[in-house]
Amino acid sequence: MTININWFKYSSPASFYPLAGKLTPWFFVAAALLGIWGAYISFFVAPTDAQQGEAYRIIFIHVPAAWMSMFIYVVMAFWAGVGLAFNTRLSSMVASALAPTGAMMTFVALWTGSLWGKPMWGTWWVWDARLTSELILLFLYFGFMALQAAIDDPRRADKAGAVIALVGVINVPIIYFSVKWWNTLHQGASVSLTKSPSMATTMLVGMLLMALAFWMYSIAVMLMRLRCIILERERNSDWVKDLKERQP
Amino acid sequence: MNWGGVAAFLAMGGYAGFVWGSYGVTAACMVLEIVLLTARHRAALRALPGAASRSAY
């Protein structure tokens, strides 16, 4: 027996709007539970670092935020590209819904990195390859959002945004490999797919839990923003006129 | 358990400003994002055609 699910059904804003509304609370619950669990391990289970003392505990939000900043950009560029190639409205809306959260994660990665850099390196900021390419990522997010905001016709804004998003993808591997390609003050990767992690297991578990929490949070706020964008763009369509939420 | 007491926990081994500055700003960003999006959704609903005529919101 085959189960027929019409996946294309959910590619229309009208049917995705209620689905997103139902899913959002669950992603927030998952984010909260993972975040509490992760914070508990980060502060109460993971031991004090032998070299950095307690300052290293910034890692539990710094690394997840930095991962999400890059990951969200790639996902954003992917959906923007799908929207550009197949002219699907919802894909482009997903890209627009991701950008501010990606920018926020980039800011958090830079902010926490700065607060970690001061006590450990003795400086808030250096123009080394890792930090500079992450700052460029922030400007790419800002550029994407500013460009879309500057164009009145939403579909044209989607297309223009997609081009800048796709061109900017080149920056993501540059950020990731910057610590290998150049001599940087920033340390190399503590966790990678090719070798076993160079950190204590409890520290690693705390970091991964926080990363999952950040991931779930990002999905939840993306869905919230997507619902706003759908409503704002489709306000004159029939399905919005019949929307239950509108009834007092 | 790493900490002798609440004061030791808050002091973060002398790095309180850096550690709590990181966690605090991160949490504030997340809360702010949710608050702004909730307001934006409400505004989007209000801006729908015909919505203004409904006095009971």
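What share of the 57 residues of chain B counts as buried? In this predicted model, 16% of the residues of chain B count as buried, where a residue is buried if 20 or more other C-beta atoms lie within 10 Å of its own, exposed if 12 or fewer, and partly exposed in between, with C-beta atoms placed from the backbone. For chain A, 40% of the 248 residues count as buried. Residues are numbered from 1 along each chain as its sequence is written, while chains are lettered from A and ligands numbered from 1 in the order in which they are written. Because the model is predicted, local features need pLDDT of at least 70 and side-chain atom pairs count only at pLDDT 80 or more, whereas totals for chains, interfaces and linings use all residues.

**Overall architecture**

- Chain A has eight helices and zero strands, and chain B has two helices and zero strands; helices (H or I, at least four residues) and strands (E, at least two) are DSSP runs, numbered from the N terminus.
- Taken along the principal axes, the C-alpha atoms of chain A fill a box of roughly 65 × 45 × 35 Å.
- Among the contacts in chain A between residues at least 6 apart in sequence, 77% join residues at least 24 apart, two residues being in contact if their C-beta atoms, placed from the backbone, lie within 7 Å.

- Apart from its neighbours within four places in sequence, Met76(A) is in contact with Ala95(A), Leu98(A), Ala99(A), Gly102(A) and Ala165(A).

**The contact between the chains**

- Chain A brings 32 residues to the contact and chain B brings 28 residues.
- On the side of chain A that touches chain B, α3 and α7 of chain A are the elements that give two or more residues, and α3(A) gives the most, with nine residues.
- That side of chain A has 18 nonpolar, five polar and nine charged residues, with Ala, Val, Leu, Ile, Met, Phe, Trp, Tyr, Cys and Pro counted as nonpolar, Asp, Glu, Lys and Arg as charged, and the others, Gly among them, as polar.

**Packing of α4(A) against α5(A)**

- The two helices α4(A) and α5(A) pack at an angle of about 165°, with their axes 8 Å apart; axes are lines fitted to C-alpha atoms, for helices over the stretch in contact, and angles run from 0 to 180 degrees between N-to-C directions.
- This angle makes α4(A) roughly antiparallel to α5(A), since angles under 35 degrees count as roughly parallel, over 145 as roughly antiparallel, 65 to 115 as roughly perpendicular and the rest as oblique.
- The contact involves Leu140(A), Gly143(A), Phe144(A), Leu147(A) and Gln148(A) of α4(A), together with Ala157(A), Ala160(A), Gly161(A), Ile164(A), Ala165(A) and Gly168(A) of α5(A), and its residues divide into seven nonpolar, four polar and no charged.

**Thr202(A) in α7(A)**

- Thr202(A), placed in helix α7 of chain A, counts as partly exposed because it has 14 C-beta neighbours inside 10 Å.
- Beyond its neighbours within four places in sequence, Thr202(A) is in contact with Ile41(A), Val45(A) and Ala46(A).
- The C-alpha atoms of Thr202(A) and Arg233(A) are separated by 46 Å, with the two residues 31 residues apart along the chain.
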